[in-house]
Amino acid sequence: LRLLRLRSGKYGSANGTCSHCPAGTYQDGKGEKACKPCPVDTFSSVTHATSNAQCQACPLDRTTGITIGAASAAACLCRRSSSYQKADGNCSACPPGADCTLRDGVTLPDVLAT
């Protein structure tokens with residue numbers, strides 16, 4: 001049986017077949033059968049990433065929620081606990097007397113009164 005000789009940033013599940021890790025994932029080992037997803041609150045648009053250091057952190061006012069393996073900054077949504085997402089994509093503080101906890105990235109029409 002011939003062993004795969006994979007390099008970092010690649011994975012393979014078939015003998016002699018190597019593939020680049022897709023965006024949102026990385027591979028920092030050799031000979032692995034799968035890529036590792038970027039953790040929660042991070043993303044990576046890089047393909048063939050070789051380290052979790054290539055997973056960029058979302059801004060502090062944003063989160064990916066429970067999503068791992070995010071491939072772009074678009075997955076970083078305004079945090080439900082403290083803000084809502086304005087039409088221009090920016091985060092704004094939850095208005096007094098409002099509940100912005102419906103979901104991450106909630107928009108003003110979905111903000112509930114308390």
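**Disulfide close-ups in a predicted model**

**View 1. The link between cysteine 38 and cysteine 55.** Cysteine 38 is joined to cysteine 55 by a disulfide (a pair of cysteine sulfur atoms within 2.5 Å), with an S to S distance of 2.1 Å. Cysteine 38 sits in the loop between β4 and β5 (42–43) and cysteine 55 in the loop between β5 and β6 (56–57), so the pair ties together parts that are 17 residues apart in sequence; strands here are DSSP runs (E, at least two residues), numbered from the N terminus. The link of cysteine 38 and cysteine 55 is left-handed, with -75° about the S-S bond. Both of these residues, cysteine 38 and cysteine 55, are buried, where buried means under 20% relative accessible area, exposed over 50%, and partly exposed in between (1.4 Å probe, protein chains only).

This is a predicted model, in which local features need pLDDT of at least 70 and side-chain atom pairs count only at pLDDT 80 or more, while totals for chains, interfaces and linings use all residues. Residues are numbered from 1 along each chain as its sequence is written, and side-chain values use heavy atoms, with hydrogens and water left out.

**View 2. The link between cysteine 21 and cysteine 35.** The sulfur atoms of cysteine 21 and cysteine 35 are 2.1 Å apart and form a disulfide. The pair links distant parts of the chain, 14 residues apart, with cysteine 21 in the loop between β2 (17–20) and β3 (25–26) and cysteine 35 in the loop between β3 and β4 (36–37). With -90° about the S-S bond, this link between cysteine 21 and cysteine 35 is left-handed. Cysteine 21 is buried at a relative accessible area of 1%, and cysteine 35 is also buried, with a value of 18%.

**View 3. The link between cysteine 58 and cysteine 76.** In this disulfide the sulfur atoms of cysteine 58 and cysteine 76 lie 2.0 Å apart. Because cysteine 58 lies in the loop between β6 and β7 (62–63) and cysteine 76 in the loop between β7 and β8 (77–78), the pair ties together parts that are 18 residues apart in sequence. The link of cysteine 58 and cysteine 76 is left-handed, with -70° about the S-S bond. Cysteine 58 counts as buried at 9% relative accessibility, and cysteine 76 is buried with a relative accessible area of 3%.

View 4. By the distance rule the count comes to five disulfides, and numbering the bonded cysteines of the protein chain in sequence order gives the pairing 1-2, 3-4, 5-6, 7-8, 9-10. Cysteine 18 counts as partly exposed, at 38% relative accessibility.

Terms used:
Helices (H or I, at least four residues) and strands (E, at least two) are DSSP runs, numbered from the N terminus.
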